[in-house]
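Hi,

Here is the structure I said I would pass on to you. Have a look at it first, and then read my notes below.

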Amino acid sequence: MNIILLGPPGAGKGTQASRLVEERNMIQLSTGDMLRAARTSGTEMGKIVADVMDRGELVTDEIVIGLIREKLEGEKAGGFIFDGFPRTLAQADALGDLLAEFGETLNAVIELQVNDEVLVERILNRAKEAVAAGGEARADDNEESLRIRLMEYYKKTSPLIGYYHAKGNLKGVDGLGEIEAVSADIAKALS
Ligand code: AMP
């Protein structure tokens, strides 16, 4: 089974993806994680995307589609969770083509629904917790970048809700509850 986790920053995509990896042995493909890894290892691409990411804007379709293609080429079988990808209609079309090319199908798109106040609270808490644990907050987990990330979501990513609804793949899940409750709703949506 291949699925997309769709939702604004702070909706819980990463948290729920990790649980699906543990419970169902699926493979998480997070473009955000891949881009952060490219930055940490100091690749050319990592340097190009750094400022864009810190501002909270989307990096180019070409870059993220290339990252996903590389991952799909490296895996023998599916069971993919696309986390934070696709984020634009062009990426959604490209993912459809890539899955067809690799003989895979898209089984469901889970839309995690959360209101903006909760998103801001969750993200700012995530930043505080990272610092409290002796680490560093993500450079884009601050109010200014978050405002831009939310606007990018509404302008460029939320049209995917209509796109996947029209394709018959969309399943809305209330992302406001406790982690366990959201997981249970996702399991129901996937059954
Ligand atoms: P995330 O960890 O999913 O919140 O992503 C962090 C940042 O990485 C985003 O704010 C974007 O700058 C960039 N990014 C991640 N995934 C994508 C994508 N599919 N398309 C464009 N930019 C992305």
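In which loop is Pro86 found? Pro86 sits in the loop between strand 3 (80-83) and helix 5 (89-101); helices here are DSSP runs of H or I with at least four residues, strands are runs of E with at least two, and both are numbered from the N terminus. The peptide bond that joins Phe85 and Pro86 is cis, with omega at about 0°.

Before you go on: this is a predicted model, where local features need pLDDT of at least 70 and side-chain atom pairs count only at pLDDT 80 or more, while totals for chains, interfaces and linings use all residues. Residues are numbered from 1 along each chain as its sequence is written, and side-chain values use heavy atoms, with hydrogens and water left out.

- A polar side-chain atom of Arg36 is 2.9 Å from an oxygen atom of the ligand.
- An N or O atom in the side chain of Gln91 lies 3.0 Å from a ligand nitrogen atom.
- A polar backbone atom of Val59 is 3.1 Å from a nitrogen atom of the ligand.

On its own the ligand exposes 480 Å², and the protein buries 96% of that (accessible areas by the Shrake-Rupley method with a 1.4 Å probe).

Residues in the contact (heavy atoms within 4.5 Å) include Leu20 of helix 1 and Ile186 of helix 9.

Finally, Asn25 lies in the loop between helix 1 and strand 2 (27-30). Its phi is near 60°, a positive value in a residue other than glycine.

Cheers

Note on methods:
A polar contact is a pair of N or O atoms within 3.5 Å; within protein, one must be able to donate a hydrogen and the other to accept it, and residues adjacent in sequence count only if both atoms are side-chain atoms.
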